[in-house]
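Here are my notes for you on this model. Have the viewer open while you read, and click on each residue as it comes up.

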Amino acid sequence: MKKSKGIILFVFLLTFIQSLLYLNTLQYSFGFLHGVPFFNSNQFELKLLLYWFLPIVGLSFYFSGYIKDVLRTYGEMILLRNYSKVKWIIKRYFNMVIIVTIFTVSQISVSYIVSSLGGHYHFVGVIEFLKLIIAYYLFLVTIFTIQLFLELYVSPQVSQMMVSIYIVLSIILTKQLFSLKIPGIVYYILLPTLGMGLRNGVSSVLNDQPKIINFWTGVFILLIIKGIVIYFSVVRLKKMDIV
């Protein structure tokens, strides 16, 4: 419990730092919803990638072991009590969704407060703002669903590392693939792109950013991937010998 509280405070601190860094660099609010824009300077783009990724990697530490460690600690107890494996893992995913919801709301609140105090605003329409939140939130839920699923096969540390590497490489590769004029369908397997307003065509803060994917198609794909991963998590857990 103490470890969890410490990580929560750490994530909150990273969220605050992220808001300050985005505001000082790009001069607009809710930078994490807009994501990482394309710039000619790769060094500047990597810096913004670091800003965007800070709280996410912090939250990934919180979820590290969220399934595997509990199975190791309470697995035998779960079986002895005839507790449904399916019910148990669905409940873990549900709890994860709640935590991601709290995290996203906290990010929005912190960013709003920091922007207000800093005197920097970039107002967007209600529909645009809701789309930005939906895309970002579904990306987070999907990517952490994948991280928990991987724990059923590998250690929590390896699972977290795999997801972190995938996120960073996806963002970097998107620009390279776009410059090579690779067909658009490829970008839909790079999930971070689906959650960034500056890459899914929703954000209006920068007019020169290309629309790489369709927003609604991205939302549909994220929901489908989440459902598929949960299904295979249930199948995997049923086959595991927990004791």
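The points below go from the whole chain down to single residues.

1. First, the ground rules. This is a predicted model, so local features need pLDDT of at least 70, side-chain atom pairs count only at pLDDT 80 or more, and totals for chains, interfaces and linings use all residues. Residues are numbered from 1 along each chain as its sequence is written, and side-chain values use heavy atoms, with hydrogens and water left out.

2. How much can you trust it? pLDDT is the predictor's confidence in each residue, from 0 to 100. The protein averages 85, and 89% of the residues score at least 70. Confidence is highest in helix 6, at 95, and lowest in helix 4 (residues 68-80), with a mean of 71. Keep in mind that where pLDDT is low, the predicted coordinates should not be read in detail.

3. Now the overall build. You'll find 9 helices and 0 strands; here helices (H or I, at least four residues) and strands (E, at least two) are DSSP runs, numbered from the N terminus. Contact means heavy atoms within 4.5 Å. Among contacts with a separation of 6 or more, 78% join residues 24 or more positions apart.

4. What about inside and outside? Of the 243 residues, 50% count as buried (buried is under 20% relative accessible area, exposed is over 50%, partly exposed is in between; 1.4 Å probe, protein chains only). The protein exposes about 12,400 Å², and carbon and sulfur atoms supply 69% of that. Accessible areas come from the Shrake-Rupley method with a 1.4 Å probe; for residues, only the protein chains shown count as cover.

5. Leaving aside neighbours within four places in sequence, Met 96 is in contact with Phe 63, Tyr 66, Val 141, Phe 144, Thr 145 and Leu 148.

6. Which residues make the nonpolar surface patch of about 510 Å²? They are Val 158, Met 161, Met 162, Ile 165, Leu 169 and Leu 173. Met 161 sits in helix 7 (residues 156-179) and is partly exposed, at 47% relative accessible area.

7. Compare that with Gln 160, also in helix 7. Gln 160 is buried, because its relative accessible area is 9%. Beyond residues up to four places away, Gln 160 touches Val 57, Ser 60, Phe 61, Ser 64 and Gln 147.

8. Finally, check Lys 181, in the loop between helix 7 and helix 8 (191-194). Lys 181 is exposed, at 76%, and has a positive phi of about 60° although it is not a glycine. Most residues other than glycine have a negative phi.

Notes: Patches are made of residues with over 30% relative accessible area and no salt bridge: like charges are joined within 9 Å, nonpolar side chains (Val, Leu, Ile, Met, Phe, Trp, Tyr) within 5 Å. A salt bridge is a side-chain nitrogen of Lys or Arg within 4 Å of a carboxyl oxygen of Asp or Glu.
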